[in-house]
Amino acid sequence: MSTFAVTASILSAQQLGLFVIEKYGLSKNSICSLLKTGMNHT
């Protein structure tokens with residue numbers, strides 16, 4: 001299993017983006033960002 005860099009127990013959007021790009025064969029231009037934090041992070 002891969003490890004993710006975290007900030008306050010929230011997955012790093014950058015690392016998560018790199019993971020899903022590789023895992024699902026997405027475009028290298030794809031981005032991942034955290035839209036809103038709260039009880040259930042989005």
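View 1. Of the 42 residues in the chain, 7% are buried, a word used here for under 20% relative accessible area, with exposed meaning over 50% and partly exposed in between (1.4 Å probe, protein chains only). This is a predicted model, in which local features need pLDDT of at least 70 and side-chain atom pairs count only at pLDDT 80 or more, while totals for chains, interfaces and linings use all residues. Residues are numbered from 1 along each chain as its sequence is written, and side-chain values use heavy atoms, with hydrogens and water left out. The chain holds one helix and two strands, arranged along the sequence as β-β-α; these are DSSP runs numbered from the N terminus (helices H or I, at least four residues; strands E, at least two).

**View 2. Confidence along the chain.** The mean pLDDT, the predictor's confidence in each residue from 0 to 100, is 82 for the chain, and 76% of its residues reach 70 or more. Confidence is lowest in strand 1 (residues 6–7), with a mean of 68, and highest in helix 1 (residues 13–24), at 92.

**View 3. Helix 1 and the residue after it.** The twelve residues of helix 1 reach 16 Å from the first C-alpha to the last, close to the 16 Å expected at 1.5 Å a residue, where the expected span is 1.5 Å times one less than the number of residues. G25, which follows helix 1, has a positive phi near 65°.

View 4. A5, in the segment before strand 1, counts as partly exposed because its relative accessibility is 43%. Leaving aside neighbours within four places in sequence, A5 is in contact (heavy atoms within 4.5 Å) with I10, L11, S12 and Q15.
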